Amino acid sequence: MKKAIITGATGAVGMALIQELIKQNIEILVLCREGSKRKQQIPKHPLVTIKYCALDQLEKVENDTNQSYDVFYHFAWSGTTGVDRDDMYMQNLNIKYALDAVKAAKKFGCQTFIGAGSQAEYGRVEGVLKPDTPTFPENGYGMAKLCAGQMTRELAYQLGIKHIWVRILSVYGPYDGAQSMVMSTIKKLKEGIVPEFTKGEQMWDYLFSEDAARAFYLLGDRGKDRKTYVLGSGTVRPLGEYIEEIQKAVGNNIEIKLGAIPYQPKQVMYLCADISELKKDVNFEILIDFNEGLSKILNIL
């Protein structure tokens with residue numbers, strides 16, 4: 001891989017992937033919405049070029065770069081949080097945009113399309129999540145991700161493009177959304193606000209964004225065609241332990257209220273990735289533990 005395209009580049013994984021590709025001396029074309037409030041975060045670097053293209057413009061985007069690219073990473077997605085996850089019309093449009101992204105990949109000469117799936121495709125599962133674990137999504141977001149993965153795989157096959165789908169679990173890191181558990185807890189503790197949580201009994205799998213980005217780079221370089229991979233750390237701990245570690249890392253004595261909030265009706269209580277296929281196919285290994293990841297975030301904030 002010498003040249004790559006990224007949509008949704010301003011999120012935690014996208015930003016980390018840009019840095020990873022720069023480190024690997026790979027040219028990057030970022031397809032970014034012109035009105036994005038976070039576009040200023042994109043590194044100004046000789047290897048990085050920005051082309052303005054919103055999700056609803058992917059269908060008509062043209063390759064005016066006079067270059068051919070190798071890998072197309074599609075992270076962009078509308079309605080990832082809150083009530084928007086069950087906005088069926090919005091989620092249905094995301095499926096179309098994902099298909100448009102495959103066609104855009106073809107226009108730009110890409111040999112590989114890599115799409116970002118989600119653990120939400122599985123629904124609630126008590127065991128370790130594997131590529132072949134049965135999928136029973138319980139919200140529009142998970143349903144749309146599952147459909148997008150299946151439909152883009154077939155369209156890519158029709159267009160002669162290699163297809164890889166990556167079901168991401170819980171990634172944390174710089175540039176993560178302010179509403180995520182890690183970032184919102186850090187913010188509240190820094191501001192002296194008492195954060196409230198459920199009992200924190202959920203067994204959870206957290207992966208730092210730099211590790212996630214390295215996995216995506218390796219998959220772009222030598223991932224297997226038409227395969228689905230599950231991306232996480234492969235280890236679980238109670239959510240309450242993660243929360244306590246955040247408090248220690250921030251370094252104040254503000255009380256943390258575990259059990260102040262009831263569980264949601266469809267609360268996922270166990271989340272763990274089987275990363276054996278990643279290890280086997282691309283030699284992926286976890287390099288950054290939760291505490292080190294927190295330190296990296298706090299050094300930037």
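In which hand does α6 pass α8? The model examined here is predicted. In it, the crossing of α6 past α8 is right-handed. The two helices pack at an angle of about 45 degrees, and their axes lie 10 Å apart. Angles under 35 degrees count as roughly parallel, and 65 to 115 as roughly perpendicular. α6 and α8 are therefore oblique to each other. On the α6 side, the contact is made by Tyr242, Glu245, Ile246, Ala249 and Val250. Phe290, Asn291, Leu294 and Leu298 make it on the α8 side. By class, this contact of α6 with α8 has 7 nonpolar, 1 polar and 1 charged residues.

Helix α6 (residues 239-250) also packs with helix α4 (residues 181-190). Here the axes come within 10 Å and cross at roughly 40 degrees. α4 and α6 are therefore oblique to each other. α4 passes α6 in a right-handed crossing. From α4, the contact draws on Met181, Val182, Thr185, Ile186, Leu189 and Lys190. From α6 come Leu239, Tyr242, Ile243, Ile246, Gln247 and Val250. The contact of α4 with α6 divides into 9 nonpolar residues, 2 polar and 1 charged. Tyr242, Ile246 and Val250 of α6 take part in the contact with α4 and in the contact with α8.

A further pair is formed by helix α2 (residues 88-107) and helix α3 (residues 140-159). Their packing angle is about 25 degrees, with the axes 9 Å apart. That angle makes α2 roughly parallel to α3, because angles under 35 degrees fall in that class. The crossing of α2 and α3 is right-handed. α2 contributes Met88, Gln91, Ile95, Ala98, Leu99, Val102, Lys103 and Lys106 to the contact. α3 contributes Gly140, Tyr141, Ala144, Cys147, Ala148, Met151, Thr152, Leu155, Ala156 and Leu159. The residues of the contact of α2 with α3 comprise 13 nonpolar, 3 polar and 2 charged.

Three helices, α1 (12-23), α5 (209-222) and α8 (290-300), each supply at least two residues of the lining. α1 provides the largest share, 6 residues. By class, the lining of the second largest pocket has 9 nonpolar, 2 polar and 6 charged residues.

Conventions. Residues are numbered from 1 along each chain as its sequence is written. This is a predicted model: local features need pLDDT of at least 70, side-chain atom pairs count only at pLDDT 80 or more; totals for chains, interfaces and linings use all residues. Side-chain values use heavy atoms; hydrogens and water are left out. Helices (H or I, at least four residues) and strands (E, at least two) are DSSP runs, numbered from the N terminus. Ala, Val, Leu, Ile, Met, Phe, Trp, Tyr, Cys and Pro count as nonpolar, Asp, Glu, Lys and Arg as charged, and the others, Gly among them, as polar. Axes are lines fitted to C-alpha atoms, for helices over the stretch in contact, and angles run from 0 to 180 degrees between N-to-C directions. Angles under 35 degrees count as roughly parallel, over 145 as roughly antiparallel, 65 to 115 as roughly perpendicular and the rest as oblique. A crossing is left-handed if the near helix is turned anticlockwise from the far one by less than a right angle, and right-handed if clockwise. Contact means heavy atoms within 4.5 Å.
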